[in-house]
2 protein chains.
Amino acid sequence: MNFTANAIIGQSGGPTCAINATLAGVIQGLQKNKSIHTIYGMKNGIEGFLQEKMIDLTKLTQDELSLLSVTPSAALGSCRKKLPQPEEDPGFFETLFSLFRQYNIRYFFYIGGNDSMDTVDKLSRYAQTPAGKTWPIKLMGVPKTIDNDLACTDHTPGYGSAAKYVATTLQEIACDCAVYTVKAVTLVEIMGRDAGWLTAAAGLPRLSGQPTADLIYLPETIFDEEAFLASVQKCLNEKPNVVVALSEGIRDKDGNYIGEGGQSGAVDIFGHKYLAGAARVLESLIREKISCKVRAVELSLPQRCAAHCLSGCDIEESLTIGRTAATMAEKAEPGEGNIAVFRRKPGNDYQVTVETANVALVANQVSNVNRNGINAEGNNVTDELLRQLLPLIQGEVEIPKKNGLPLHFTFQ
Amino acid sequence: MNFTANAIIGQSGGPTCAINATLAGVIQGLQKNKSIHTIYGMKNGIEGFLQEKMIDLTKLTQDELSLLSVTPSAALGSCRKKLPQPEEDPGFFETLFSLFRQYNIRYFFYIGGNDSMDTVDKLSRYAQTPAGKTWPIKLMGVPKTIDNDLACTDHTPGYGSAAKYVATTLQEIACDCAVYTVKAVTLVEIMGRDAGWLTAAAGLPRLSGQPTADLIYLPETIFDEEAFLASVQKCLNEKPNVVVALSEGIRDKDGNYIGEGGQSGAVDIFGHKYLAGAARVLESLIREKISCKVRAVELSLPQRCAAHCLSGCDIEESLTIGRTAATMAEKAEPGEGNIAVFRRKPGNDYQVTVETANVALVANQVSNVNRNGINAEGNNVTDELLRQLLPLIQGEVEIPKKNGLPLHFTFQ
C-alpha cells in the first residue's frame, strides 16, 4: 500500500512483565513505516475499541518507549473478550470493520495468548469473506504469556521474566527454609493451569549448584497422592527442610484439579466453598499424614508483574518480536491471519529468529512440556529441559528508579 | 583484655535478607581485634552451641564476607529457643558457661529480634551472679527483624530490604490490577503480627506519585469490618480496581485476630481448622457483602528472603552495626548486657549513628507505629510516617550472578 493508512494495537489477556516491551517494539516498528499516519492503541483491547476508546501512540518518544518496555502490566489495559464465530454473527464483525474504515485502520496488531490469537483468527476469517474483503486490513498476532504454552513458537515473550522470578524466588525460599533443624515441608504453588513450563523453572538454580525445590510437580503428569507423600517422606529422611514446587494445575488420574478436589469439605464463615488452591490442599494432607511442620506459599501475582526481576533476554526479544511483527505486517497480504513466532536455531549457542506462522494453528491450542522433560518418577524435571530454558532468563535489566522504587510508565 | 581470647556469634529467630550482612560485619570487626584468636559461629544459635556445633569463621576472606552480606536467610542456621530464668534454672547457665570456658570464649554476639535479646539479657543476668563472674564474658546483642519492632533503636537491620520489597511489589501489583475494567478488589497480606511497620511500607510508592495500595490497615488500630467495607465501597465508586494492604496481625475490638476469627466455621477435608489468614477471611467478606471480583494475595516468605530486591541503605547499615558491635564489645564491661542500636540524627538529612542500649530494655518489648502515623479513618498511613521510612529503602545492591540467578554464599 502506498497511500497513507493508520494502525491499531491492542493488548489482551493476563498482563505480563514483557507485554509492554512488545507494545513498545510494535510502535517502534510502525514509527519507521512512513506510510502510516496514526498509531492507535485500543484501551482495554477489542472491548474498548468497540467503544472507540483509543490512545494516540504515534508520537511516543524513544525515552518513553524505553520506560514503557520495563513497565509491568498492560499499559493499554486489557480485556478477556471471546469473539463470536464470523459465520454465526457476521454483524459483530461488520461493526468492527466499519470502525476500521471510519478510522482508516489498515493494520491491526493484537498482543496476547491463545485466547487473543482466537480473536485474530476470527478477524482473519471474516476478512476473507466478500464483505470483509471490501476493507483490506493486515492482521498480525504477537504472542505473550508467562505460561509459555503457545503452539508454533519456541517460547513466548513474558515467560523468561516470569521464569527468572520463579527460579530466583525458589532459590531464596530454599535458602530461607534451611535455617531450622526441625523437620518441615514448604509447598510453593506456581501459576500454570494447563502447562508446567513456569513451574519447571523452579529447577533452574540446580544447574548452578544452588539450592531450590527438592520436588517439582507439573500438570503434564498425573498427580498421585500416595506417590507424592512417599517422595516427601523420602526427602525428609535425607534432610530436615523439604521444598516442593507445584503447578496450580496438577490433577489426579480422573482429571480433577487437586486444588478443587480438596475443597469439597471446606466452607468459610459464609458457607462458601474455599478456593484453597493445590498447595493448601496438600498442606493439609501432609499435616495429616506426615505430621510435620508444613507451610503453603502461593507465588500469586508477583509471578506476572515482578518487573524488578526482569530477564534481559526476555525484554530484548519482546521488543524485537514487536518490531519485526510491524515489518512483517507491511509485507503480508490483507486478510491473512499471521502471528510472529520465535524459531530457535539448532546448535549449542542460543539464537532465535522471528518468523510468521498461521494464527489458526496457535489459537486455542496449548503447548505442553514433553514427557521426556520430566523424570521417570514424575516428581522433578530433567536437566535437559532446564538447559533448554536457561538462556531465557539470562541478562539483567536496569530499571530507572525514583526514591528507591521503580519508575513506571503511565499515559499522561 | 590483653590475653588471647575467642569469640562466638549466633543468629536467632526468623531469617531476613540482612542478618548475614550483620554477621559479616561482626566478623570483619572481630578480625581487626588482634587479641581474638578464633571466631566461632554457632550452628543454629544457642541450641546448636549447647551441642557444641560450631563453624570456624576466623579466616573468612573479604570476598567471602562480601558474598555473605548479600545472601538471604541465616548462614549459621537459626533456632527459636527460649532460655529459662537464671534464678530458676542456674544449672542451664552453668552448662553454657562451662562451654564458654572450655572454648575460651570471652565474647558472645547474638543477632536477632526481641526474643533473641531475651537470651542476651538472661545470659547477662547470670553473668552478674557470683558463679557467672568466675568467667568474665562480654555479651552483645545485635538487632535484626523485618518487623522493625525493637525498642530503643530508630529502626532494625533487615527492615529496609523487606520494606523495599513490599513497596516495590505493591506498586507492581497496583499496576497489574489496573488493566481490567471490571470492578475488583485485591487484598495483600503483609507480615507483622504485632507491629505495622512493614505494612506501612506499602504506602511508599505514593511519595513518588506511583500507584500502590488504596487502603492500608495496621494492627495498631482496631479493625472494624463495617468501616472496612464502607472504605472499600467508597474506593470502588471512584475507580474499578482497589488494592488493599493489610497486616496479618489486624484485630477486632476484642483483640481477636481477623485471620483467626474467620476460621471458626472453616474446616478442611480432614476436619482441621483452616488457617486462612486475614486476607482470605476478608476475601470471603467482600465476596459476600460487595459481590465483586476479589483476590487474596499473601506476600509470604519472599518478604523476608527476596534478596534480589535489597535496600543498599539496609545492607550498608547492617554491616556497619555488626562492625561497630564488635568494637563496642571490646570496650564493654564483662557481664553487661548490651545491644547495638541506631540513633537517627535530627535534621532533614538522613544520618544514623550506632550506640549501645541496655538489652533488658529491648528484650520482649514491641515498638509500635505511633497513632499519628495513621490517618484519622484508620485506613491509611500518613505522609509524615512515609517520609520517615523512605531513607531506609534507598540504594541498590548489585548481586553477583551465575547463569542469570543470584550467587549465594554457603559454607563449604
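**Conventions.** I number residues from 1 along each chain as its sequence is written, and chains are lettered from A and ligands numbered from 1 in the order in which they are written. In this predicted model, local features need pLDDT of at least 70 and side-chain atom pairs count only at pLDDT 80 or more, while totals for chains, interfaces and linings use all residues.

**Confidence.** I began with the scores. The model has ipTM 0.96 and pTM 0.96. Where pLDDT is low, the predicted coordinates should not be read in detail.

I checked how the copies relate.

**Interface.** I looked up the contact between the chains. It joins 60 residues of chain A to 60 residues of chain B. Elements of chain A that each supply at least two residues to this side include H7 (159–177), H11 (278–289) and strand E9 (293–298). Helices (H or I, at least four residues) and strands (E, at least two) are DSSP runs, numbered from the N terminus. H7(A) gives the largest share, nine residues. By class, the chain A side has 28 nonpolar, 23 polar and nine charged residues. Of the interface residues of chain A, 100% are also interface residues in chain B, so the copies meet through the same surface.

**Domains of chain A.** The assignment gives domain 1 (5–157 + 307–365 + 394–406) and domain 2 (162–304). Such bounds come from an automatic or database domain assignment. The centres of the two domains, taken over C-alpha atoms, are 34 Å apart. Their contact takes ten residues from domain 1 and twelve residues from domain 2. The domain 1 side divides into four nonpolar, four polar and two charged residues.

**Helix H11 of chain B.** I compared length with expectation. The rule is 1.5 Å times one less than the number of residues. The twelve residues of H11(B) should span 16 Å, and the end C-alpha atoms are 16 Å apart, which agrees. Nine of the twelve residues are buried (20 or more other C-beta atoms within 10 Å; exposed is 12 or fewer, partly exposed in between). Among the buried ones are B:Arg280 and B:Glu283.

**Positive phi.** Most residues other than glycine have a negative phi. I listed the exceptions below.

- A:Ser291 has phi near 60°. A:Ser291 lies in the loop between H11 and E9 of chain A. With 9 C-beta neighbours inside 10 Å, A:Ser291 counts as exposed.
- B:Ser291 follows H11(B) and has a positive phi, near 60°.
- B:Asn403 has phi near 55°. B:Asn403 sits in the loop between strand E12 (401–402) and strand E13 (405–406) of chain B. B:Asn403 is partly exposed, with 17 other C-beta atoms within 10 Å.

Note on methods: Two residues are in contact if their C-beta atoms, placed from the backbone, lie within 7 Å. Ala, Val, Leu, Ile, Met, Phe, Trp, Tyr, Cys and Pro count as nonpolar, Asp, Glu, Lys and Arg as charged, and the others, Gly among them, as polar.
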